[in-house]
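Q: Could we go through this structure together, one topic at a time?

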Amino acid sequence: MKTLGQDIQPDAPRSIKRICIISSDILGPVKNGGIGTAYFHLAVFLKRMGHDVSICFVNGLARNPQKMRQCRNFFEGQGIEFYCVVPRPVAKTTMARTMAQPYAAYEWLKCNEEQFDLVHVSEWRGLGYIALLSKKLGIAFENIHFVIKGSSPTLWAAEGNQQFLREKRQLGWVFMERQSAEMADTLICGSKHLLEWMDANRYNLPARSFFWPNVFLDDLINEPAKNVEEKQEAVKEWVFFGRLEPRKGIVLFINAITAMASKQETLPAITFLGGISHRFDARKFIADKCKNLRSQITFKTNYNALQAIEYLRGAGRLAVIPALLENSPIAVYECLAAQIPFIAADTGGTAELIDEADRDRILFKPHYLALAEKLELCRKALPKPGIKHQRLDGSLAVWRHWHEQDDPASKTKPVLGAHPPLVSVCITHFERPELLSQALKSVDQQSYQKIEVIIVDDGSRSEAAQRFLKKLNERCQGLPHWKLIYQDNMYVGAARNAAAREAHGEYLLFFDDDNVMMPEMVEKLVFAALFSKADCLTCSSIRFTGIGEPHTKDSKLGTQIQFMGPAKAWSTRVNVVGDATCIVKANIFKSLGGYTQEYRTGKEDIELYNKIILNNKNIFYYPDPLYYYRIGEVTMKRQNNLSEESDFRQVKPFLADKDAEDKSLILFREGDYISDASELVGGTKSYFPSKIKNITRKLHKLIRVGF
C-alpha cells in the first residue's frame, strides 16, 4: 500500500487547477456528515493554495431555495463557487431512485465539462459512477482527472458492523462503489485500513491507489482550548460523540454505562451529541435501556460540526467515540485539533490518526467491558488530550504538492480507425409490420455505414404482415447487405439466434422491431466498444408511446430509461444491465451458446447478460439514450404469461457448477427482507423509527435554514 506522497514527481510541471468537488454531503446544508466535513476542509484548503474551487451539491435538500441561497453566500465568502442539483428519479422504481443521484451528477458535470481540470468525488453510493463510466467509454471528460475518495463503502460498513444488507438498492451501491474505485484516475483512501480492505475484497485497484489522512484545517474549528498545566480537571460529563445509531457504537456505550451502574457506581451526567438516524430510534432505545440509570441524560441532536466542538470544549467534558468501524473518523480529527479529551474504539483506521505512544491510553477494544474499564479510569479526572500521529503534521504539504503537479496522462481523444468493423444488425419481427417499417427506416438513417441488416420473421401469419414481408423481401434482393429470413413461430431467443447464424459482422447488434434508432446509435456503440475494449454494451433509451415515429403527432415522448450495468448480485433479482438491445462481439456470443430457446418464456436477454458477467467478459452500460423504446399494448413481454419461469431463467447462469445446497441458497426467495432493526441490538423489541417520525425528520431536514 502506497502513501499519496509517493505519487509526487519533483520534476513535474506545476500549475493552478480548476477543481470541482461533487458531493451529496457538504458542511452547511448537511450539519455533521463525515464526507461533507472532509470535503469542506479540502475546498477551503485548495482555495487557500490558489486553485479555482467549485462545489456541486447533489442532494434532495437542494429543493429548499432559501437554504441553498444561504449556502451559496457562505461559500462565496470563502471564494468558492457553490452549485446545487436536485436528483430527479425518472420512474417510481427502486432502480430509478438508486440512479437518480449518479445521473444528476453526470448530467451537471457534462454541461460544465470545460470548466474543470480535476474532480473530487467520493465512491459512496456511486455518486460519480455514471461520470466515470462515461469517461471509460470515451463519451466525455477526457480532459478531467477524477480523484475518487475512499470513504465508506456499503459492504465495508455492513461487514464491519455485522449487519445485513436490508434494501435491494444496497446491492447496486456495492457495485457502483467498487466500479467507482476501479475506474478512478486516482484513488485516495483516508486510511491504510480501507485501502487494504478494498484489496482484500478483490477490487481491481487502479495503479494510482493511495492512502493519506484527510485535509483538516485546525483553524476552521476556532482556537484550541488552552491547556491546564499539570492539573487534571474533574469529570462532569461523558459525551457520546457520533450519530445516534448502532454502527457508531451507541449500543456498546449503553451496555457499558448500564453495566457500571449495576455495580451501584455513581456516574457523571450523560450527553448524546450527534445526529439522529432514520433507521434507529435512539431515544426509544435509550429510554428503554436506561430506566434505572440515575445520571442525568441530555440529547444534543441538532448541532452542526462547529457547535459540537464548542460544546465539547466545556469544562469537565469527555468525548466518547465508540464507533464499531471507522475509516478516518472526522470526530477524532476534531478532538485532536481542538485539544478535547477523548477516548475511542480501536477500529478501522482510527489508530492511524493517533501517535503510537498515545494509543494505549486513548483506545479501547470494541467491547462494552473494555469501554467500561476505560470509562472507569476517566470517572473522576479527565485524561490529557490526544497527540496526533506525525503523518498528520505533514499531510497538508503532501496535498498541496500533489494538487499542484500536472497530470502527465494523454489528453487526446481517439477516433475510429480507417477500417471500422462490420456490424450485423439483427432484428426480429412478429406481426407488427407498420412498426418494423419505422425500425428499418431508422437503420437506413444511421451515420455508421459498415453494417448488414438481417431480419427474422418469427412466424407472422396476418395478411398485413405477409404483404409487408413480400415487399421487404423484394427490397432485400436488391441490397447486398440486407437479408430476410422466415421461420415458424419459435419465440424471441430462437429468432435472434437465427439472425446471428446468418451474420458476418465482427459485432452483432440486436434490436426489436417496435423500437426506433437515433441516427448515431451504431456509430456511438462501436466507438465505445472499441475504446473500452468491451465485449458487450447495452445502452439507455427514451420511452415513447403511440403508433407513429418519435417526434410526430402520432407519438408521445416519455422519460429516459436508465439502467446501472453489470451489478452481479442485484442482477439475480431485477434487470440492471439493460434492455435486449445490445451490441456484442460475435465470437463471444457464439462461445456462450447464444440465447437459450424457450417458448413464451422471457428474460433470455438477461440470462445472456448474466452469462457474460459470470464468464468475466467486459460488459458495460452506455448511459446516454441511443434509441426510442416503444411502450405498446402488443409486445412480446405482454404476451408472455410464464413470469416465474422467466425469473428462474434469469438466475440459471448462477446455478452452473453449484452443488445442491448452493443451488437451493440461490433459488430461495421467501423472506428476502429482515423485519426490523431489533437484530442490531440483540433484542425482541423494534427500535426502527415509525413512519410518522421519519416523515417529520425529512420535513425538518428540508426546511431547516442555517449552518
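**Domains, core and salt bridges**

Q: Which domains does the domain assignment of the protein give?
A: The assignment gives domain 1 (2–215), domain 2 (219–389), domain 3 (423–654) and domain 4 (660–695). These bounds come from an automatic or database domain assignment.

Q: What should I know about the model before we go on?
A: This is a predicted model, in which local features need pLDDT of at least 70 and side-chain atom pairs count only at pLDDT 80 or more, while totals for chains, interfaces and linings use all residues. Residues are numbered from 1 along each chain as its sequence is written, and side-chain values use heavy atoms, with hydrogens and water left out.

Q: How far apart are the C-alpha centres of domain 1 and domain 3?
A: Those centres lie 35 Å apart. The contact (heavy atoms within 4.5 Å) takes 24 residues from domain 1 and 25 residues from domain 3.

Q: And how much area do domain 1 and domain 3 bury between them?
A: They bury about 2100 Å², 71% of it on carbon and sulfur atoms. Buried area is the accessible area, taken with a 1.4 Å probe, that two parts lose on being put together, summed over both.

Q: Which three residues of domain 1 supply more of that area than any other three?
A: They are Val 90, Met 95 and Leu 137, which supply 31% of the area that domain 1 buries against domain 3.

Q: How many polar contacts are there between domain 1 and domain 3?
A: Six residue pairs, both at pLDDT 80 or more, are in polar contact between these domains. A polar contact is a pair of N or O atoms within 3.5 Å; within protein, one must be able to donate a hydrogen and the other to accept it, and residues adjacent in sequence count only if both atoms are side-chain atoms.

Q: Which helices supply the side of domain 1 that touches domain 3?
A: H3, helix H4 (129–136) and helix H6 (168–183) each supply at least two residues of that side. The largest share, eight residues, comes from H3. Helices (H or I, at least four residues) and strands (E, at least two) are DSSP runs, numbered from the N terminus.

Q: New topic: how many residues are in the largest nonpolar core?
A: That core has 113 residues, and those with the most contacts inside it are Ile 22, Leu 109 and Met 564. Its largest share, eight residues, comes from helix H3 (residues 94–111). The core draws at least three residues from each of domain 1 and domain 3. A nonpolar core is a set of buried Ala, Val, Leu, Ile, Met, Phe, Trp, Tyr and Cys residues joined through side-chain atoms within 4.5 Å. Buried means under 20% relative accessible area, exposed over 50%, and partly exposed in between (1.4 Å probe, protein chains only).

Q: What is Ile 22 in contact with?
A: Leaving aside neighbours within four places in sequence, the contacts of Ile 22 include Tyr 39, Cys 56, Val 58, Ala 105 and Leu 109. A second, separate core of 38 residues includes Ile 8, Phe 40, Phe 45 and Ile 55.

Q: How many salt bridges does a search of the whole structure find?
A: The search finds 34. A salt bridge is a side-chain nitrogen of Lys or Arg within 4 Å of a carboxyl oxygen of Asp or Glu. Across the interface of domain 1 and domain 3 the rule finds one.

Q: What does Asp 624 form a salt bridge with?
A: Its partner is Lys 110, and the closest N and O atoms are 2.7 Å apart. Asp 624 is in strand S23 (residues 619–630) and Lys 110 in helix H3, 514 residues apart.

Q: Is Asp 624 buried or exposed?
A: Asp 624 is buried because its relative accessible area is 15%. Lys 110, with 33%, is partly exposed.

Q: Where do Arg 496 and Glu 604 lie?
A: The side chains of Arg 496 and Glu 604 meet in a salt bridge (2.5 Å, N to O). Arg 496 lies in helix H18 (residues 492–502) and Glu 604 in helix H21 (residues 604–614), so the pair ties together parts that are 108 residues apart in sequence. Both Arg 496 and Glu 604 are buried.
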